[in-house]
Amino acid sequence: MLLSTSVVARLPLATFSIGILVHVQQSTGSYAAAGIAAGALAVAQGAGGPLLGRLVDRRGQTLVLIGAALVTGLALAAIAALPAGTALLAVVALSATVGLTTPPVGACMRTLIPLLRPDPDGRRRAYAVDAAATELTWVSGPPLALVVGAFAGTGTALTAAGAVLMVATTAFALSPASRRWRPAPVTRSRRSALGSPAMRTLVPVLAGVGVLFGATEVGAAATAGPAAGLVLGLWGAGSLAGGVAAAKLGGGAAAGRGFTLLLAALGAGHLILVPASAGTVSLAVTIAVAGTMIAPVLASCYAMVDDAAPAGTVTEAFAWLATATALGTSVGAAAGGALVDAAGPASAFVLAGGAAIASSLVAAVRLPAARPAIALS
């Protein structure tokens with residue numbers, strides 16, 4: 001039940017970027033303005049996630065989540081209510097407010113998993129299920145936002161997303177597990193999640209995975225054209241299937257060696273998209289297979305946080321991973337777009353696969369091969 005509630009609370013998060021982009025474009029008639037607003041959202045989410053995660057680690061989940069959800073929902077409603085001709089600065093400020101206050105429900109859910117599944121095997125399976133559920137939100141969220149926007153208006157879609165976020169996040173925050181959770185006591189009140197060498201490894205590793213995400217999205221759009229939505233949907237479906245399989249098979253890698261192999265397989269699968277990009281059908285089939293490694297990689301990384309994060313910083317640690325992925329995605333999309341213009345769509349898939357291979361090399365060098373997978377600083 002708790003996982004289901006967290007999934008519903010995370011579903012609106014997958015709609016924010018496309019929802020704000022479309023709404024601002026329609027209200028201003030400018031794609032440039034829409035891009036600036038969406039960019040402000042992304043940058044603010046990257047900055048706000050770790051800050052809210054640290055606040056949760058100090059004050060607990062309930063009040064932080066409910067307060068953040070309330071501000072986010074009101075900011076979305078304010079964007080929806082802005083009249084035509086509103087100064088771009090106001091739109092950007094509200095978009096940044098949405099990003100800064102987006103409640104870290106995913107990080108909080110993963111923080112609770114060790115308490116709900118204390119045995120290591122059950123814990124890894126739970127992380128795999130959570131990773132698969134996250135993929136489900138990204139597969140279904142953007143199309144849902146576009147459908148609601150088409151039939152009821154883009155402002156209604158934003159307001160509805162905010163309402164769902166507030167209700168579901170409040171339900172999650174008021175659950176017994178969330179209310180009872182308390183951060184581990186720490187001797188240094190200002191200690192950061194990045195104080196651990198292991199976290200300083202996992203963050204750039206997931207940034208590389210984020211580059212893969214952004215570059216693949218651009219490459220798929222450039223290759224498939226109008227069918228890009230379907231192709232990317234198959235990519236997400238492949239990840240969902242991989243997460244389900246990982247949950248049944250033990251939850252992914254238990255240590256550095258297995259994690260390195262999963263990252264290498266992720267990179268190799270996306271390098272195969274280079275020849276497959278010759279046709280939309282071959283790309284669609286291959287990208288579904290390549291996507292099967294995404295959720296197992298994420299689940300394995302999440303499971304390592306239990307040992308990697310210094311005491312009392314676990315929520316902040318999960319938030320840093322989300323930030324790293326988001327920033328990597330932005331870099332991958334920008335670099336992938338430049339490569340597509342210069343050398344064609346296949347070059348974006350080279351970047352995607354190469355980024356994951358690079359992450360696997362970082363993991364191989366800096367993470368111990370066998371358990372204990374991570375050593376505390």
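Which residues have the most contacts inside the largest nonpolar core? They are F172, M199, L202, F259, V305, F318 and L321. The legends below take up this core and several other sites.

This is a predicted model, in which local features need pLDDT of at least 70, side-chain atom pairs count only at pLDDT 80 or more, and totals for chains, interfaces and linings use all residues. Residues are numbered from 1 along each chain as its sequence is written, and side-chain values use heavy atoms, with hydrogens and water left out.

**View 1. The nonpolar cores.** The largest nonpolar core has 71 residues. A nonpolar core is a set of buried Ala, Val, Leu, Ile, Met, Phe, Trp, Tyr and Cys residues joined through side-chain atoms within 4.5 Å. Buried means under 20% relative accessible area, exposed over 50%, and partly exposed in between (1.4 Å probe, protein chains only). Helix α10 gives the most to this core, with 12 residues. Helices are DSSP runs (H or I, at least four residues), numbered from the N terminus. A second, separate core has 16 residues, among them F16, A33, L158 and L165. In soluble globular proteins, nonpolar side chains tend to be buried together.

View 2. A pair of aromatic rings is described by the distance of the centres and the angle of the planes. Rings of Phe, Tyr and Trp (its six-membered ring) pair if their centres lie within 6.5 Å; planes under 30 degrees apart count as stacked, over 60 as edge-to-face and the rest as tilted. The count comes to 3 aromatic pairs. Y127 and F318 form a tilted pair, 6.2 Å centre to centre, with 45 degrees between the planes. The pair links distant parts of the chain: Y127 is in helix α7 (residues 120-152), F318 is in helix α16, and the two are 191 residues apart. Y127 counts as buried because its relative accessibility is 0%. F318 counts as buried too, at 1%.

**View 3. The pair of F213 and W235.** These two rings form an edge-to-face pair. F213 has 13% relative accessibility, so it counts as buried. W235 is buried as well, with a relative accessible area of 7%.

View 4. Ring pairs link Y127, Y302 and F318 into a cluster. R110 lies over the face of Y302, at 4.1 Å from the ring centre. A charge sits over a ring if NZ of Lys or CZ of Arg is within 6 Å of the ring centre and within 35 degrees of the ring normal. F318 touches A107, R110, T111, Y127, Y302 and V305, not counting residues up to four places away in sequence. Contact means heavy atoms within 4.5 Å.

**View 5. Helix α17 and its cover.** Helix α17 covers residues 346-366. At 1.5 Å a residue, its 21 residues should span 30 Å. The expected span is 1.5 Å times one less than the number of residues. The end C-alpha atoms of α17 are 31 Å apart, which agrees. Its buried residues are S347, A348, F349, A352, G353, A355, A356, S359, S360 and A363. What covers them includes α10, α12 (256-271), α13 (273-276), α14 (280-291) and α16 (314-343).

View 6. T223 is in helix α10 (residues 197-224). Its relative accessibility is 18%, so T223 counts as buried. T223 touches S277, T280, L283, P345 and F349, leaving out residues up to four places away in sequence. T169 is in helix α8 (residues 154-173). At 0% relative accessibility, T169 counts as buried. With residues up to four places away in sequence left out, T169 touches A9, L65, A69, P103, V105 and V164.

View 7. How many disulfides does a search of the whole structure find? The search finds 0. A disulfide is a pair of cysteine sulfur atoms within 2.5 Å. The sulfur of C108 is 17 Å from the closest cysteine sulfur, in C301, and that is too far for a bond. C108 counts as buried, at 0% relative accessibility. C301 counts as buried, at 0% relative accessibility.

**View 8. A245 and P296.** A245 is in helix α11. A245 is partly exposed, with a relative accessible area of 34%. A245 and P296 are 51 residues apart in sequence and 8.6 Å apart in space, C-alpha to C-alpha.
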